[in-house]
Amino acid sequence: METQIDQSYLELEQYVPTSSVSSITARTDKVRIDVSLSCENGLDGEIETFYSTSLYPFNGVAELSDVGTLVEEYFRLRNKVTDLITISFDGVSIDVHFLYCEYRMPYDFAADKTFFLSSMVQRVHQDSTIAIAAYNHGSAFPFVIKAVGHAEADNQLVAVEKSVQQAFFNGVAYFNVADIILWALNKTEDEVGVDLRDVMYFSIEYAGIQKMCYIVPAPAYLTFSFRNAFNVEEFIDVVGVMTTKTNVSRDVAVCNGISKQYDRTIERTYQIQTEALTPDEVKIFEQFLASHSVSLWLDGDDYTVNIEDHTCEPSSADDSLTSIKFTWRFDDNRPHVFDSLMDGVMPNRRQIFNDTFSPEYE
């Protein structure tokens with residue numbers, strides 16, 4: 001008989017989460033068959049076979065295990081969120097449009113009815129970047145941006161709205177908060193609403209799905225990018241207290257009563273205790289701290305960092321606020337020097353010697 005793949009139900013137009021595919025089996029009368037996984041849009045846009053092996057069927061059944069894990073490893077290598085994967089058993093193949101997904105999703109999960117983001121609500125700042133990742137419905141669904149603030153004329157709380165066509169790149173579209181604020185404060189006459197004096201919060205909607213962003217002031221914060229559970233690069237602004245720890249390790253050799261140090265290594269780590277977080281922000285931090293790729297954005301550049309330790313224990317108690325502590329460091333051993341005031345990384349949040357506090361020291 002010919003080789004037949006059992007999991008033909010995977011041939012769907014919608015995205016299939018990698019976490020939902022543990023193994024794929026095929027029935028055959030051969031004693032040995034070749035199996036491969038290929039991507040339609042591989043390196044340089046060519047078809048790329050990223051996994052191949054030979055299987056020896058037992059009782060006419062050949063099973064390829066950990067298919068989802070294999071696809072995730074390839075997606076991480078190529079920074080992919082979704083793509084079409086061809087699964088071939090002895091020349092018989094099926095095409096599966098996989099969605100990178102590290103979490104086990106609910107049974108009724110529908111990829112076309114959700115954003116592939118860590119949270120649908122987020123606090124942002126005036127220079128933040130917002131990622132929107134979703135099932136691509138094409139040009140039939142534009143992005144709808146709604147901004148809320150105080151009217152220029154009577155100071156009443158009003159909203160303005162506009163629709164934009166924004167292309168997805170690898171399933172993700174990015175928006176700058178500064179551009180949204182600029183549009184809302186300088187709205188043209190052909191757009192709905194009135195002129196705003198300020199912008200308090202805004203939403204970005206696509207295909208009936210909406211993400212809310214609340215603009216808040218902060219004296220100092222660090223901006224990190226990370227790959228979330230869907231391998232989407234998101235951005236997070238971390239507000240809190242940072243403590244810098246410098247550890248110097250060295251060996252000592254003694255000769256004729258004279259000691260000499262050698263193999264001296266300087267290791268600098270940064271510990272951050274965040275401010276109180278909402279439940280929606282805890283979701284972002286959980287994926288940020290567990291991400292396989294994290295970068296710090298500083299002085300216009302991004303620097304790869306490692307999250308070394310963290311404490312994340314959200315509680316459902318009504319009388320407690322969640323705060324997260326984590327330690328990070330740059331991926332190399334050399335201390336980095338920047339132009340900001342606090343160890344070159346975070347500006348000082350306290351000004352105890354300004355006019356407000358100066359009487360305490362007179």
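Reader: Why does cysteine 255 count as exposed?

Author: Exposed means over 50% relative accessible area, buried under 20%, and partly exposed in between (1.4 Å probe, protein chains only). Cysteine 255 has 53% relative accessibility, so cysteine 255 counts as exposed. This is a predicted model, where local features need pLDDT of at least 70, side-chain atom pairs count only at pLDDT 80 or more, and totals for chains, interfaces and linings use all residues. Residues are numbered from 1 along each chain as its sequence is written, and side-chain values use heavy atoms, leaving out hydrogens and water.

Reader: And what makes cysteine 213 buried?

Author: Its relative accessible area is 0%, so cysteine 213 is buried.

Reader: How many disulfides does the rule give?

Author: A disulfide needs a pair of cysteine sulfur atoms within 2.5 Å, and by this rule the count is 0.

Reader: What makes up the largest nonpolar core?

Author: A nonpolar core joins buried Ala, Val, Leu, Ile, Met, Phe, Trp, Tyr and Cys residues through side-chain atoms within 4.5 Å. The largest one has 39 residues, and those with the most contacts inside it are Phe116, Ile130, Phe143, Phe175 and Phe202. Helix α2 gives the most to this core, with 5 residues; helices (H or I, at least four residues) and strands (E, at least two) are DSSP runs numbered from the N terminus.

Reader: Which residues does phenylalanine 116 contact, leaving aside neighbours within four places in sequence?

Author: With contact meaning heavy atoms within 4.5 Å, the partners of phenylalanine 116 include Tyr15, Val81, Leu99, Phe109 and Phe230. Enjoy exploring the model!
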